[in-house]
Amino acid sequence: MRKIFVTLLLVGVAITSCSQQAPKADKSAAAASTMEIQTDESADATNRPQYQVLIKNPDDKKRVEALLKEGAAQPMETNLMLFFAKKFLGQVYVGGTLDKDKEEGLVINLGELDCTTYVENVLALALCVKRDKTTFDDFCQALADVRYIGGEVAYTSRQHYFTIWLDDNIKDGLLQEAKLPEAPLSATRTPHVDFMSTHVSNYNMLKAHPQWLPGIKALEKKVNQSKFQYIPKAQLANSKRYKDCIHDGDIIGIVTNKKGLDISHVGFAVWHDDGLHLMHASSGKKKVIDDSLTLYQYLQKQETSVGIRVANVK
């Protein structure tokens, strides 16, 4: 039997922007109780380390299990990514929810979502249903696999940059890079990221654990050695040209020219009659929305946006 430690934390959370920048330290007191649960040891998890599961809302365990049960009852042809993404429409936006604790743990917080945690939770739910896994423990393991390199719950293994997040999930067979048309309908970009290592004071846990900085720099180096294909935002004026390579529920990352970052925002592709839209946890609207603007219109309002990177869900 493998032990997973689950901690129930009732804490205050501050609002921040949906970017790599983490909030300043939350000075509110945290009341915590810890319980230890047992789960069956599976063949693919034999060598996984123990970790704490930090449940931020008392009802999240029941909510996860109810969502998985509902998803499992859907017809085979159901687009599970879009199905689960819609379940969170209207959910409150709160930034930085993964960085409120003194030590790294697997944060479960369905009540407060930023752009990244919204995408991660939806992907983990869809993966569980596809794998016929319907327990809360199954969801925790799927979320760990999505959020961390090799499923190892540690600060330096968390995929802080979207390029690392996407590449690792492609490597694990969960996603695949969208096959985009040739230039000028696509372009290639070499990222240069160093935001975390040059803004340590913005990251509560990193500031408290300076020994983790070399690990973060190693992640940044890995990103900076990569290249990726993306769609320039001007080309999305006629987004229907991309219908063959972008599907409902695909994951979209907004490519940015903001210094030190690769991607500034993430969400889901949704096709409407007037073209491609973005379903996302919006820091501006303070909730999860199916944006009324087309993605092209949305990007014109984002001065630092360059275009979009697209991942198809397997």
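F84 counts as buried, at 0% relative accessibility (buried means under 20% relative accessible area, exposed over 50%, partly exposed in between; 1.4 Å probe, protein chains only). F88 and Y118 form an edge-to-face aromatic pair, 6.3 Å centre to centre with 80° between the planes. Here rings of Phe, Tyr and Trp (its six-membered ring) pair if their centres lie within 6.5 Å; planes under 30 degrees apart count as stacked, over 60 as edge-to-face and the rest as tilted. This pair links distant parts of the chain: F88 sits in the loop between α2 and β4 (106–108), Y118 in helix α3, 30 residues apart. F88 is buried at 1% relative accessibility. Y118 is buried at 0%. Ring pairs also bring in F268, giving a cluster of F88, Y118 and F268.

How many aromatic pairs does a search of the whole structure find? The search finds six. One of them joins F83 and F84 edge-to-face, at 5.1 Å centre to centre and 70° between the planes. F83 is buried too, with a relative accessible area of 14%.

## Model and confidence

This is a predicted model, in which local features need pLDDT of at least 70 and side-chain atom pairs count only at pLDDT 80 or more, while totals for chains, interfaces and linings use all residues. Residues are numbered from 1 along each chain as its sequence is written, and side-chain values use heavy atoms, with hydrogens and water left out.

The protein averages a pLDDT of 88, and 84% of the residues score at least 70. The pLDDT is the predictor's confidence in each residue, from 0 to 100. Over residues 1–17 the pLDDT is below 50; this stretch has 77 contacts in the model beyond near neighbours in sequence (contact means heavy atoms within 4.5 Å). Residues 19–46 also have pLDDT below 50, with 65 contacts beyond near neighbours in sequence. Where pLDDT is low, the predicted coordinates should not be read in detail.

Is helix α2 (residues 80–87) largely enclosed or largely open? Six of its eight residues are buried, so helix α2 is largely enclosed by the rest of the structure. Helices (H or I, at least four residues) and strands (E, at least two) are DSSP runs, numbered from the N terminus. The buried residues of α2 are L80, M81, L82, F83, F84 and A85.

The helices are α1 (60–72) and α3 (115–130). The strands are β8 (251–256), β9 (263–272), β10 (275–282) and β12 (305–313). N79 caps the N-terminal end of α2, with a side-chain oxygen 3.2 Å from the backbone nitrogen of M81.

Side chains of opposite charge can pair when their charged atoms come close. The structure holds eight salt bridges (a side-chain nitrogen of Lys or Arg within 4 Å of a carboxyl oxygen of Asp or Glu). D99 and R158 meet in one of them, at 3.2 Å from N to O. D99 lies in the loop between α2 and β4, and R158 in the loop between α4 (136–147) and α5 (162–171), so the pair ties together parts 59 residues apart in sequence. D99 is buried at 8% relative accessibility. R158 is buried at 6%.

R158 also forms a salt bridge with E104, the closest N and O atoms being 2.9 Å apart. E104 lies in the loop between α2 and β4, so this pair ties together parts 54 residues apart in sequence. E104 is buried at 14% relative accessibility. Another salt bridge joins R147 to E120, with the closest N and O atoms 2.7 Å apart. R147 is in helix α4 and E120 in helix α3, 27 residues apart. Both R147 and E120 are buried. Shared partners join D99, E104 and R158 into one network of salt bridges.

## Strand β12

Nine of the nine residues of β12 are buried, so the strand is largely enclosed by the rest of the structure. Two strands pair if DSSP finds at least two bridges between them. β8 and β12 pair antiparallel over six bridges. In that pairing V255 stands opposite G307 in β12.

Strand β5 (residues 175–177) pairs with β12 in the antiparallel sense over three bridges. L175 stands opposite V313 in β12. Strand β7 (residues 228–232) runs antiparallel to β12, joined by two bridges. I231 stands opposite I308 in β12.

Terms used: Polar contact = N/O pair within 3.5 Å; in protein donor to acceptor, adjacent residues only side chain to side chain.
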